[in-house]
Amino acid sequence: MVKHRRFLGVLFLCIVIACFLQVGNAANIKEATICVTGPGKAISPDLWGIFFEDLNYAADGGLYAELVQNRSFEYSRGDNKDWNALSYWDLIDEGAKASLNVESDKPLNSNNPHYAVLKVDQAGECVGLRNPGFDGMVIKTGDLYDASLFARVLSGQPRTVTIRLESAAGKILAESQIELDGQNKWTKYKTTLKAKGADSEARLLLLVSEPGTLALDMISLFPQKTFRNRPNGLRPDLAQIIADLKPKFVRFPGGCLAHGDGLPNMYRWKDTIGPVEQRKAQRNIWRYHQTLGLGYYEYFQFCEDIGAKPLPVVPAGVCCQNSGNYLNLVPRGQQGIPMDQMPDYIQEVLDLIEWANGPVDSEWGAKRAAAGHPEPFNLEYIGLGNEDTITPVFEERYKMINDAIKAKYPDIVVIGTTGPWPEGSDYEKGWAFARKEKLPMVDEHGYKPPFWFWQNLEHFDTYDRAASQVYLGEYAAHDRDRRNTLRSALAEAAYNTAVERNADLVRLASYAPLLGKEGHMQWRPDMIYFDNVSITPSLNYHVQKLFNLNAGDIYLPTSVTVDAHPEEEVEKLVSPDGILLGTWETQAHFDDIKVVDSSGKTIFTESFNRAPKQSAVLSGQWHTSDGVHAQRSNEPHALAHFAFPADASGYTLTLRAMKTGGNEGFLVGFGAIDSRNYYWWNLGGWGNTRYAVEETVVGRRTAIGGYIDGRIESNRWYDIKIELRESRIRCYLDGKLIQDISRSSVSSPDLAASCVHDSASGDTIFKVVSKADKPVQAKIDLSKVGPFASTAAHTILAGDPDAENRFGKAPELLPKTTSIKVSDMLDMQIPAHSLTVIRFHSQ
C-alpha cells in the first residue's frame, strides 16, 4: 500500500486533446482537454461481473449440457400453451402394436410426479420412443455420451432396452443395450455410448424388442465433455466464452425468474440441489420449462471454476408484481408469503448461507460436502428481491429476512432492490426504504436508449457516499429494433467510464441479459447469441470484455472539457414546431387548445368549432363534433399532430381532456419536430397507474424526470398545462404542478473517459469513448507521468455506429490490439464512433 501511495503521490497524467470537430458545415474548431490526475481513490475490486438468468433458453437447451428435452415428462400447458407431458417424445411403432401414455400413480418421487408408460402388445421391427432434443442433438465422432434412465416393469417380460443415437437421416451413430431386472420397482440404469459418426441434428431412440408394459422416467443423455469435465455439467464452448470475460462475480438465477410468477413459482434454492431426479422442476416465468438440472450447486461450482464470486438472488418474501398474466394460473399482482409461513422461509434463506459457507459438520454444510464440495464456497453477497414494487407487503417481509441475516451472518452483504428503472416511484421508494433500513447495498437497473447513457454520465456523481452502495445489476442500451449496434455498445462503454469514476460507490455492475438462443428468444438485445453449434458474441460483449480485462483497483480523477472558440456560434436547441394529442388503447375528447409563446403572444388556438385546419391524423379514428376533438379507436399510439411556428425560447400549452373509455389516459405531446422526435406527457399510462414525461429521439422513447403515481378517471374534464422552456419542462394537472424537469440533459458530450490503476500488474489503463462523427486529433503530453515502459498496448473498437455482429455471419467489427510506442502517442487520432483502451505498463 505504501508503494501505491508513493506512486499516486507523484502521478500526474494530463492528456491534451485538440479536437478538430466540424459543427454543421462550419469550419469552427473545438478544443477538448482530458486530464487524469492523482492522487487516486480506491475502487471496488469486484466491479465487473455477469448476470445469468434462464431466459431465451439460456439454461435448458443452452448452457446446461443435457441433450434430452422433457427428460422427466413434466412439460405442461403451464410451461407453454402448446405443450403437454409427451411434448418432444414420439412413439415409434413400425410393424408393432404399441401405445404411449403418461401416468402419475406411484411416481419416481413426489418432486417428479409424471412418467411415461410404453405398452407393447405386439413387438415389431422397431418400437419405442424418440426424442429430438433441443432443435436436434449435436453428436461428435469419437465422443462419449452417458445415457441413463429410470424404469420399472409393469407387465410382461421386457428385458432389453436399446439406446440408439441416429442422425436426422436415420444413420446409426452409436448404440448400446441395457438389461432390465424385470422388477416392478424404480431402478436406475445407465450406459455409455461412443459416437462413430457425427450430426448436429441427431436424436435419441429407446427401443424394446419384447411385448410388455414399461414405465420410464428421467431419460438423460449427457456428453462427457463438459466444461472442466464436470458431471451434470455445462456446454464447454458456451461456458468458455463466458469465462473469457473473467467476471469478478456471477449473479443468478434471476431476475424475474427468482421471484417467479406467483408464490408457487418462486425459485426455491433447496429444490435445485441433490440428485437431479429429486429436484422439483417447474414452469419458467419466461413461458417455457426449467428442469433445475442447472441448480445452485452447479451455479456455485461454475463460479469457482471461472474465479468469480457467487451472487445468488432469493425472493424477498413476495412474488413478481406482474404475476398472473398468463393463463390465469395464479392470482394477479404481487403476493406475499403468508406471515405464518415467514419463519420457515427465513430459515430457508439462512440455510442457504450455511450450505454455502458452513463447516462439513453443520446440517447444510454436510449436504454440500456430500455433493462433492467439502470446502466452503465463501459466499459474500446475497441479493434479496428483484425489481419488486415497493409496497408495505414487500417492506415488512424484506425487513424480517434482512434482520435475520444481519443477526446471524453480519459479514454477508445483503443487496436490496430499487425497481426496474433508474427513476420513478419504485426507485424513489426503494431508496427511501434503503436509507431507513441502512441497507449496505441496493440493486439499480436501467434499460434505456443509447442517448440516455450519454446524457446521464453524471448519474452517480452526486449520490450520498454515506448511504447504501450500488449494484448496477441490469443495464443495456436498447437501440432501434433492439439491435446490438456499435452505437449501443459505445453508449454502454461511455456509461462504464462513469461507473469506474464512481466505483467507490458502485461496487458491482453487470450487463443483462447474458445469453440468447436463436429461435427461442423472449428478450433482445443480449450479450451472447448462440445455437447448438455456433456462438456469436455481440459488440456489447466485446465492450464488456475490454472493461473486465482492463479493470483496476484505484481510480485516477479524469475530467473532460470541451471549449468553444469565441468566434464560434453557440448552437441552440431545435425549435419546437407542434403538439400531439393522443391515447393508448383509450378513447378520449380534447378541447380548448391554446399555445402562448414566452412573450405572452398567442401563437396557436383551437376550440374545435369546426374541422381543425392545422392538424394531421397520424393514427387512430379522430372526429370533430359538438366542439370537441374525439379519438374513438382502441388503438395503441393513436395520435393527431397540430403544427405551428415557434422559436426556441419555448411556449405554454393549455387544453382540456376527458377520458371516455379504455384502459389508460391521455398522451399530450409537445416539442414535436416530427413523428419520430418529440416529448409527450403520458397521463395514466402503464395500466392507468402512472404519469411520466417521455422523450422520443429518432423513434426511441425513454422516460425523463421519473414516474409519478396517478390515474385518470373516466367522464370528467381535466385541465392540462405544459410549460416548455429552453431549460425546463413543467407539467400541471388541474392547476397542480405534477412534474418539473430539467432539460439540461437534452444535449450530451461526444467524449467520455476514465483512467484506473491496477495494483497487481502495476499498469495504468486509460479509456476514451467517442460518439463524434469524425476523428479527433489528439496531442498527448506524458512528460509528467511514469516512468512507463517504452511501449503500450493500444486497443480500438471503431466503425459505423449501425454496424453489428449478426448471428451466423462473419463479424463486422472486432477490437484490434497493437503495440504502440509511447513516444508515438504524442500526436494520434481517436477514431469516430470508437472505444480506445491504452494500457501503459510500468517500467
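In strand β37 (residues 650-662), A657 is the bridge partner of F590. Helices (H or I, at least four residues) and strands (E, at least two) are DSSP runs, numbered from the N terminus. The model is predicted: local features need pLDDT of at least 70, side-chain atom pairs count only at pLDDT 80 or more, and totals for chains, interfaces and linings use all residues. Residues are numbered from 1 along each chain as its sequence is written, and side-chain values use heavy atoms, with hydrogens and water left out.

β31 and β37 pair in the antiparallel sense over ten bridges. Two strands pair if DSSP finds at least two bridges between them. β31 also pairs with strand β35 (residues 628-631), again antiparallel, over three bridges. Here H589 has A630 of β35 as its bridge partner. A further antiparallel pairing, over four bridges, joins β31 to strand β32 (residues 602-606). In this pairing V596 stands opposite T602 of β32. β31 and β32 form a hairpin, with four residues between them. In the turn, G600 has a positive phi of about 95 degrees. Buried means under 20% relative accessible area, exposed over 50%, and partly exposed in between (1.4 Å probe, protein chains only).

Strand β19 (residues 309-314) is likewise covered. Five of its six residues are buried, so β19 is largely enclosed by the rest of the structure. β19 runs parallel to β16 (249-252), and four bridges join the two. V250 stands opposite P310 in β19. β19 is also joined to strand β20 (residues 381-384) by two bridges, and this pair runs parallel. There, V314 stands opposite L384 of β20.

Helix α4 (residues 296-305) is mostly covered, with nine of its ten residues buried. The buried residues are Y296, Y297, E298, Y299, F300, Q301, F302, C303 and D305. What covers them includes the helices α2 (236-243), α5 (342-357) and α6 (363-370), and the strands β16 and β19. Just after α4, G307 takes a positive phi of about 75 degrees.

Helix packing was examined for two pairs. α5 and helix α7 (residues 392-408) pack at an angle of about 40 degrees, with their axes 10 Å apart. That makes α5 oblique to α7. Axes are lines fitted to C-alpha atoms, for helices over the stretch in contact, and angles run from 0 to 180 degrees between N-to-C directions. Angles under 35 degrees count as roughly parallel, over 145 as roughly antiparallel, 65 to 115 as roughly perpendicular and the rest as oblique. α5 passes α7 in a right-handed crossing. A crossing is right-handed if the near helix is turned clockwise from the far one by less than a right angle, and left-handed if anticlockwise. The contact (heavy atoms within 4.5 Å) is made by M342, Y345, I346, V349, L350 and I353 of α5 and R397, M400, I401, A404, I405 and K408 of α7. These residues divide into ten nonpolar, no polar and two charged. Ala, Val, Leu, Ile, Met, Phe, Trp, Tyr, Cys and Pro count as nonpolar, Asp, Glu, Lys and Arg as charged, and the others, Gly among them, as polar.

The second pair is helix α10 (residues 486-501) and helix α11 (residues 539-549). Their axes come within 8 Å and cross at roughly 20 degrees. The two helices are therefore roughly parallel to each other. Their crossing is right-handed. Residues of the contact include L486, A489 and A493 of α10, and L539, V543 and F547 of α11. The residues of this contact divide into six nonpolar, five polar and two charged.

α11 also lies across the strands β46, β48 (788-798) and β51, running at about 20 degrees to β51. These strands belong to an open sheet of seven, in the order β3-β28-β45-β46-β51-β48-β49, with antiparallel pairing. The edge strands are β3 and β49 (816-821), each pairing on one side only. Seven bridges join strand β46 (residues 764-770) to strand β51 (residues 834-842). T764 stands opposite F840 in β51.

G38 lies in the loop between β2 (30-37) and β3 (41-42). G38 is partly exposed, with a relative accessible area of 27%.
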